[in-house]
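Subject: Structure for you to look at

Hello,

Here is the structure I said I would pass on. Please open it first, then read the notes below next to it.

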Amino acid sequence: MTLVDLTINGLAPGKYWATVRETGDISQGAASTGGIWEALKATVLGSEAAKEPRGVFGTVDVDEKGRGNVFLDRPLAVWEMIGRSMVVSKSKEGPFRNEDPDTLVGVIARSAGVWDNDKMVCSCSGKNVWQERQEQVSQGMV
């Protein structure tokens, strides 16, 4: 079982769909992420009533202050989604507009605990990602 704690701030009020897409290509925002993951395959295992593909996680309602929060779950393993993208949008299927301020997109990746990522950004500098981040922030990068 995969659990998603989805917290949203700064969007226009309304109902938003959280979907996992076929690819992790976010080069053109949500428009390049492909269709909903496994939209062409059978329904979610063990869920005869639901006819949604596994990539449809559910919806979140955003209030008049631009905030929304929901816990979503799907019977699948996290590793199945790594490298794909998640889109949160008022449109479940698309098509998605470029630079839509009310559509969020990101690549699903494995994450270490907070401050536990000791991987080096570049072996030439010997800095880990947190040291590299501090240097970039001090140079004005947000």
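I started with the nonpolar core. The largest one has 18 residues, and the members with the most contacts inside it are L6, I8, V20, F57, L72 and M81. At least two residues of this core come from each of strand 1 (2-9), strand 2, strand 4, strand 5 (67-74) and strand 6. As background, nonpolar side chains in soluble globular proteins tend to be buried together. Keep in mind that this is a predicted model.

Which residues does F57 touch, leaving aside its neighbours within four places in sequence? F57 is in contact with V4, A18, V20, L72, R74, M81 and M86.

Four strands form an open sheet in the order 4-2-6-7, and their pairing is antiparallel. Strand 4 (56-62) and strand 7 (104-107) are the edge strands, each pairing on one side only. From one strand to the next, the twist averages 15 degrees. In general, strands of a sheet pair through backbone hydrogen bonds, either parallel or antiparallel.

Inside the sheet, strand 2 (residues 14-21) pairs with strand 6 (residues 85-89) in the antiparallel sense, over five bridges. To find this pairing on screen, look for R21, whose bridge partner in strand 6 is S85.

Last, the aromatic rings. How many aromatic pairs are there, if ring centres must lie within 6.5 Å? The count is zero. The ring of W17 does have a charged residue over its face: K92, at 4.6 Å from the ring centre.

Regards

Technical notes: Residues are numbered from 1 along each chain as its sequence is written. This is a predicted model: local features need pLDDT of at least 70, side-chain atom pairs count only at pLDDT 80 or more; totals for chains, interfaces and linings use all residues. Side-chain values use heavy atoms; hydrogens and water are left out. Two strands pair if DSSP finds at least two bridges between them. Axes are lines fitted to C-alpha atoms, for helices over the stretch in contact, and angles run from 0 to 180 degrees between N-to-C directions. Rings of Phe, Tyr and Trp (its six-membered ring) pair if their centres lie within 6.5 Å; planes under 30 degrees apart count as stacked, over 60 as edge-to-face and the rest as tilted. A charge sits over a ring if NZ of Lys or CZ of Arg is within 6 Å of the ring centre and within 35 degrees of the ring normal. A nonpolar core is a set of buried Ala, Val, Leu, Ile, Met, Phe, Trp, Tyr and Cys residues joined through side-chain atoms within 4.5 Å. Buried means under 20% relative accessible area, exposed over 50%, partly exposed in between (1.4 Å probe, protein chains only). Contact means heavy atoms within 4.5 Å.
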